[in-house]
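Reader: I am new to this structure. Could you show it to me and take a few questions?

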Amino acid sequence: FVLFFQSVLAQSTAYSVRYIHPKTGLPGSIQFSSASVNKPSAEAPHYWFQSALNANSDFLLKFDSEFNDKYGNSHSRYNQYYKGFLVEGAQVILHSK
């Protein structure tokens, strides 16, 4: 799994930060090891953020779209909501094989 997200700070042996946004200093990409059992599910990735990164229950990701490429990869997009309001420009993209 590779997860793109613009407002999460994370370090773990189960995942690693792959890209840091040059202006904000925040991670833009988190990669999970294939052996990791602690990674987001495609059905409800916000539960992973709430448990692993201590995001509060006001944080929610809602499914937006998905497509499968010619290599068999799935690309799922989720919009971020906070207290029921869409956070403009905040989107999580979950890439999986």
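This is a predicted model: local features need pLDDT of at least 70, side-chain atom pairs count only at pLDDT 80 or more; totals for chains, interfaces and linings use all residues.

Reader: How much of the chain is buried?
Author: Of the 97 residues, 34% are buried. The accessible surface of the chain is about 6100 Å², and carbon and sulfur atoms account for 53% of that area.

Reader: Which residues make up the largest nonpolar core?
Author: That core has 11 residues, among them Trp 48, Phe 49, Phe 59, Leu 61 and Tyr 78. At least two of the core residues come from each of β3, α1, β4 and β6.

Reader: What about β5, is it mostly covered or mostly open?
Author: Strand β5 is mostly covered, since seven of its nine residues count as buried, that is, under 20% relative accessible area.

Reader: Which strands does β5 pair with?
Author: Strand β5 pairs with β4 in the antiparallel sense over nine bridges. With β6, β5 also pairs in the antiparallel sense, over eight bridges.

Reader: How many residues lie between the strands in each hairpin?
Author: Five residues separate β4 from β5 in their hairpin, and Gly 72 in that turn has a positive phi of about 90°. In the hairpin of β5 and β6 there are two residues between the strands, and Lys 83 in the turn has a positive phi of about 55°.

Reader: Let us turn to Ser 74. Where is Ser 74 placed?
Author: Ser 74 lies in strand β5, which covers residues 74-82. In β6, the residue opposite Ser 74 is Ser 96.

Reader: Why is Ser 74 classed as buried?
Author: Ser 74 is classed as buried because its relative accessible area is 12%, and the cut-off for buried is under 20%.

Reader: Which side chains form polar contacts with Ser 74?
Author: The side chain of Ser 74 has a polar contact of 2.9 Å with that of Glu 66, and another of 3.4 Å with the side chain of Asn 68. Glu 66 itself has Ser 76 of β5 as its bridge partner. Leaving out residues up to four places away in sequence, Ser 74 also touches others, including Phe 67, Leu 94 and His 95.

Reader: How many residues apart in sequence are Ser 16 and Ser 29?
Author: They are 13 residues apart in sequence, and the distance from C-alpha to C-alpha is 8.5 Å.

Methods:
Residues are numbered from 1 along each chain as its sequence is written. Side-chain values use heavy atoms; hydrogens and water are left out. Buried means under 20% relative accessible area, exposed over 50%, partly exposed in between (1.4 Å probe, protein chains only). Accessible areas come from the Shrake-Rupley method with a 1.4 Å probe; for residues, only the protein chains shown count as cover. Helices (H or I, at least four residues) and strands (E, at least two) are DSSP runs, numbered from the N terminus. A polar contact is a pair of N or O atoms within 3.5 Å; within protein, one must be able to donate a hydrogen and the other to accept it, and residues adjacent in sequence count only if both atoms are side-chain atoms. Contact means heavy atoms within 4.5 Å. A nonpolar core is a set of buried Ala, Val, Leu, Ile, Met, Phe, Trp, Tyr and Cys residues joined through side-chain atoms within 4.5 Å. Two strands pair if DSSP finds at least two bridges between them.
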